[in-house]
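I opened this structure to look up a few things, one at a time. These are my notes, in the order I made them.

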Amino acid sequence: MDLLSIKDPSFLKTMNKEELQQLSQKIREFLIEKLSWTGGHIGPNLGVVELTIALHKCFDSPKDKIIWDVGHQSYVHKILTGRADQFGSLRQYKGLCGFPKMSESEHDVWETGHSSTSLSAAMGMAIARDVKKVDSHVIPVIGDGALTGGMALEALNHIGDSQTNMTVILNDNEMSIAPNVGALNNVLGKLRTAGKYQWVKDELEYLLKKIPAVGGKLASTAERVKDSLKYLLVSGMFFEEMGFTYLGPIDGHNFDELLENIQYAKKMEGPVLLHVITKKGKGFSPAEDDKVGTWHGTGPYKMETGDLIKPVNTAPAWSALVSETVRKLAREDQRIVAVTPAMPVGSKLEKFAEEFPERMFDVGIAEQHAATMAAGLATQGMKPFLAIYSTFLQRAYDQVLHDICRQNLNVFIGIDRAGLVGADGETHQGVFDIAFLRSLPNMVIMMPKDENEGQHMVYTANQYDEGPIAMRFPRGNGYGVPMDEQFRKIPIGSWEVLKEGSTATILTFGTTIPMSMEAAYQLEKQGVSVQVINARFIKPLDHEMLEKVLSTGTPILTVEEAVLEGGFGSAVLEFAHDHGYSNTSIGRIGIPDRFIEHGSVKELWNEIGLTSDHIVNKIKSMLPAKKKRA
């Protein structure tokens, strides 16, 4: 079959097992080839090929709602719903999204990029179906890791309690789970899938009660014996107690098992959980053999060898720089502990974990728990480093506000992937953290201009004992600047002048400093003298320097790779208003009030007007007429 000819999944209804297996192989070959060009989440998608085919064969999308948790494993779904011809543009600017996208297809019924949302969304869709009396199925597909998210457990509780008709697919791809299954679990799993499990439970109870009660003890404990046997032998007892009918575990690469169990689940009343064991990266040995998550999501690679194709950059990755600095400080400071919600690899904490295993805590996909746990550590005099992506910090907002800031605890939040992140798109852009953190009392927010200043900021955060402090840093690598051998403390709330100028001032920080400096030099050639200030502390502002700049009456332009609504520029405007500087012209450049989709960071900068040329034009538009003619 030509994958490019697929328009919708209906063709699967007439395919036999051999044809389905051939299709699986073609899809794997297609993904391995296409993703070698574009990069993407290859490991998760190679692991769900048979599962996705089976779901589309047994259900009728989009009438039946297939909901992908996180959504990074939806590539096979996209192929089967007619988008194979777009894979050359996967995660590229204006191209195919790497996550489900409603605007792409009617088969994408839920958009996501964060974990643990599928069950709650499914419950909403199931309730709507029942209220409208529609005959359809709701099928959330959630990974075992996502079940550590609080939302998932809340939803499981609600679904099980309400006994809503739903088929939950638990896509279990953790290799360590296999030894825990065992022969007895497999036997009982087969009994359940054959529809005989309830009979087995009832028969066990009957037989126990038939045994003579020696001394009256056995009869009185029959119920407890039965329950103990259930917990001992049945791996799905947790889900049964939550109100689900548990089926499995089954081989997620075996069409006979998949089709039989999915069809059985469809016929059952109430919520069913189908436990499917899959292998990440199946069919591509580099991804299959991956033990550390390298092949969860990659850039381009060589198909033949699996070697990743990376741009030559000798500068350290920001994540590595920050974690390595924390590790160095931890050698001298026993109070330092690292906490991360399931991102030890992304946040480059592997070396910290190796050197200080007793001080490294990966809490799983549980951002709220991570934040409050860090707060608890801080109450006991520890110095927790909470390593978390900007996009995931959003999920812990209440905990940062209520548990960290309100109690004014010494938690150092390392905000990784701050700013635009590129190919992962709108669900992962780290552009909101300034706006939602700036309003919190006691919070300090900073961002370095380069990796040397970055290491000093990490040191400053560790030395800071007056409350919470956050350091933003971008995805990717630094600039390769010389690194000081000795750490130094940067005064909280202090800015620095990078370039002197008298006609206008640019206030900026972090990733937008290079473009601002370039704009200033372009303007210098045109006779316009522009001062550039590294506003490295976003909160608190450098009041002394800001008053000095405002008192000149010359135009001020703020530049930030973050949302303008409530961002750094807003803070400057508020300061000017509150201190009576009503005659100073203040302009702002940053992320507009909309979600920014996927593409390279440079392409996105150009789209939203975050470039040196746009800065030049904005400054010139703010100058008095005689200055513009200079």
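**Entry 1: charged pairs**

I began with salt bridges and counted 27, taking a salt bridge as a side-chain nitrogen of Lys or Arg within 4 Å of a carboxyl oxygen of Asp or Glu. The model is predicted, so local features need pLDDT of at least 70 and side-chain atom pairs count only at pLDDT 80 or more, while totals for chains, interfaces and linings use all residues. Residues are numbered from 1 along each chain as its sequence is written, and side-chain values use heavy atoms, with hydrogens and water left out.

In general, side chains of opposite charge can pair when their charged atoms come close.

I looked up Lys94 and found a salt bridge with Glu607, where the closest N and O atoms are 3.9 Å apart. Lys94 lies in the loop between helix H4 (75–83) and helix H5 (118–132), and Glu607 lies in helix H23 (residues 601–608), so this pair ties together parts that are 513 residues apart in sequence. I took helices (H or I, at least four residues) and strands (E, at least two) as DSSP runs, numbered from the N terminus.

Next I checked accessibility, where buried means under 20% relative accessible area, exposed over 50%, and partly exposed in between (1.4 Å probe, protein chains only). Lys94 is exposed at 67%, and Glu607 is partly exposed at 28%.

Which residue forms a salt bridge with Arg129? I found Asp130, with the closest N and O atoms 2.9 Å apart. Arg129 is buried at 7% relative accessibility, whereas Asp130 is partly exposed at 40%.

I then noted the salt bridge of Arg327 with Glu324, again giving the closest N and O atoms, which are 2.9 Å apart. Both residues sit in helix H13 (residues 318–332), three residues apart, or about one turn of the helix. Arg327 is buried at 13%, and Glu324 is partly exposed at 23%.

I also wrote down a network of salt bridges that links Lys78, Arg83, Glu104 and Asp108.

**Entry 2: nonpolar cores**

I looked up the largest nonpolar core, which has 77 residues. A nonpolar core here is a set of buried Ala, Val, Leu, Ile, Met, Phe, Trp, Tyr and Cys residues joined through side-chain atoms within 4.5 Å. Among the residues that touch the most other members are Phe352, Val400, Ile413 and Trp495.

I picked Ile413 and listed its contacts (heavy atoms within 4.5 Å). Leaving out residues up to four places away in sequence, Ile413 touches Leu386, Ile388, Leu393, Val400, Met443, Ile469, Ala470 and Met471. There is also a second, separate core of 49 residues, including Cys58, Phe87, Ile169 and Ala265.

**Entry 3: two strands**

In a regular strand the side chains alternate between the two faces of the sheet.

Is strand S14 (residues 530–534) enclosed or open? I found five of its five residues buried, so S14 is largely enclosed by the rest of the structure. Val530, Val532 and Asn534 are on one side, and Gln531 and Ile533 are on the other.

I then looked for paired strands, which need at least two bridges found by DSSP between them. Strand S12 (residues 496–499) pairs with S14 in the antiparallel sense over three bridges, and Lys499 has Val532 as its bridge partner. Strand S13 (residues 504–508) pairs with S14 in the parallel sense over five bridges, with Ile506 opposite Val532.

I turned to strand S6 (residues 336–340), where five of the five residues are buried. Ile336, Ala338 and Thr340 point one way, and Val337 and Val339 point the other way. S6 runs parallel to strand S8 (residues 383–389), joined by four bridges, and Ile336 stands opposite Lys383. S6 also runs parallel to strand S7 (residues 360–362), joined by three bridges, and Val339 has Phe361 as its bridge partner.

**Entry 4: cysteines**

How many disulfides are there? I counted zero, with a disulfide taken as a pair of cysteine sulfur atoms within 2.5 Å. I checked two cysteines for burial: Cys58 is buried at 4%, and Cys405 is buried at 3%.
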